[in-house]
Amino acid sequence: MGLSEKMRPDLTSTVDPQEIEKFSAMAAEWWDPEGKFKPLHMMNPVRLDHICRQVAVQFDRDRASDAPFRDLSLLDIGCGGGLLSEPMARLGATVTGADAAERNIEVARVHAAEQDLAIDYRARTAEALAAEGARFDVVLAMEIVEHVADVPAFLRACNDLLNPGGLLIVSTLNRTTKSFGAAILGAEWIMRWLPKGTHDWSKFITPDELDGHLRAAGLSPVDRTGFVFNPITWGWRLSDRDFAVNYAMTAVRD
């Protein structure tokens, strides 16, 4: 399936058309916990907990309160089917979900309507939203930077999308031997959780590289946290030391 004419103007920036084609082909399975996005469903509680911690600290919110993120505007860029957009909306944030793959947006809209959630889903890139003047308190860029064509340009667009004092949370895969074994050999070849070719190890980014890109984009990194999978308990946990495979970095716009 080709990209629509509506999306083509944005492809001059950071969108990789081949990456969009990959995820468009899998769009119908976003909400199937045993489907092609099973790894994200498994990781979702841990990454959601991490996001909530970072947002609560930055904006002095009590996570135990009802709708702790009320009055905060949040952009979930590369939102896919809305696995993070929906819980953040339930926590009170005013959520915009954006994805360059229109099929993902179609799936996300239908699912949000079924859940009676008011989420503004748009088939847009980060650059297009920034050019339109959109600004947010929080921008999530989860599991997306390893799929864009130009990481520095993408992060500059994320910076432009933030209000002063706003928070950017990025998660991605480290470029290590362990990540090759886990994300490609394990998830794609052995467990077959993902189609072969979903990831390109050469596009994985080390924490130090991401830190440098964030600073160059005008952002100040304030946290890095690892997401660690335990094959014995078959679950994920957060780590302040282990960034060998999956990790997240939080940065603030001054």
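Visitor: What does helix 6 lie across?

Guide: This is a predicted model. In it, helix 6 (residues 151–160) lies across strand 1 (73–77), strand 4, strand 5, strand 6 and strand 8. Its direction makes an angle of about 145 degrees with strand 5. Helix 2 (residues 38–59) lies across strand 4, strand 5, strand 6 (219–230), strand 7 and strand 8 (246–253). The angle between helix 2 and strand 5 is about 155 degrees.

Visitor: How do you know that strand 4 and strand 5 are paired?

Guide: Two strands pair if there are at least two bridges between them. Strand 4 (residues 136–142) and strand 5 (residues 162–173) are joined by six bridges, so they pair, and they run parallel. In one of these links, Phe136 has Leu162 of strand 5 as its bridge partner.

Visitor: What is the order of the strands in the open sheet?

Guide: The eight strands come in the order 3-2-1-4-5-8-6-7, and the pairing is mixed. On average, neighbouring strands of this sheet are turned by 20 degrees against each other, ignoring direction.

Visitor: What makes strand 3 and strand 7 edge strands?

Guide: Strand 3 (120–122) and strand 7 (235–239) each pair on one side only.

Visitor: Which residues touch the most other members of the largest nonpolar core?

Guide: That core has 31 residues, and Ile77, Val139, Phe154, Leu155, Leu161, Leu168 and Leu214 are the ones with the most contacts to other members. Several elements supply at least two residues each, including helix 5 (126–131) and helix 8 (207–216). Helix 6 gives the most, with five residues. As a general background, nonpolar side chains in soluble globular proteins tend to be buried together.

Visitor: What is Val139 in contact with, beyond its neighbours within four places in sequence?

Guide: Val139 contacts Leu75, Ile77, Cys158, Leu161, Leu162, Leu167, Leu168 and Ile169.

Visitor: Why is Cys52 called buried?

Guide: Buried means under 20% relative accessible area. Cys52 has 4%, so it counts as buried. Cys79 has 5%, so the label buried applies to Cys79 as well. Across the protein chain, buried residues make up 56% of the 254 residues.

Visitor: How many disulfides are there?

Guide: The count comes to zero.

Visitor: Why is the pair of Phe229 and Trp234 called edge-to-face?

Guide: Rings pair if their centres lie within 6.5 Å, and planes over 60 degrees apart count as edge-to-face. Phe229 and Trp234 are 5.1 Å apart centre to centre, with 70 degrees between the planes, so the pair is edge-to-face.

Visitor: And what makes the pair of Phe229 and Trp236 tilted?

Guide: The centres of Phe229 and Trp236 are 5.3 Å apart, and the angle between their planes is 55 degrees. Stacked needs under 30 degrees and edge-to-face needs over 60, so this pair is tilted. Ring pairs link Phe229, Trp234 and Trp236 into a cluster. The whole structure has four aromatic pairs.

Visitor: Why are Phe229 and Trp234 called partly exposed?

Guide: Partly exposed lies between buried, under 20%, and exposed, over 50%. Phe229 has a relative accessible area of 25%, so it is partly exposed. Trp234, at 41%, also counts as partly exposed.

Technical notes: Residues numbered from 1 in each chain as written. Predicted model: local features only at pLDDT ≥ 70, side-chain atom pairs only at ≥ 80, totals over all residues. Heavy atoms only, no water. Helix = DSSP H or I, 4+ residues; strand = E, 2+ residues; numbered from the N terminus. Axes fitted to C-alpha atoms, helices over the stretch in contact; angles between N-to-C directions. Contact = heavy atoms within 4.5 Å. Core = buried A, V, L, I, M, F, W, Y, C linked by side-chain atoms within 4.5 Å. Buried < 20%, exposed > 50% of the residue type's maximum accessible area, 1.4 Å probe, protein only. Disulfide = S-S within 2.5 Å. Phe/Tyr/Trp six-rings, centres within 6.5 Å; stacked < 30°, edge-to-face > 60°.
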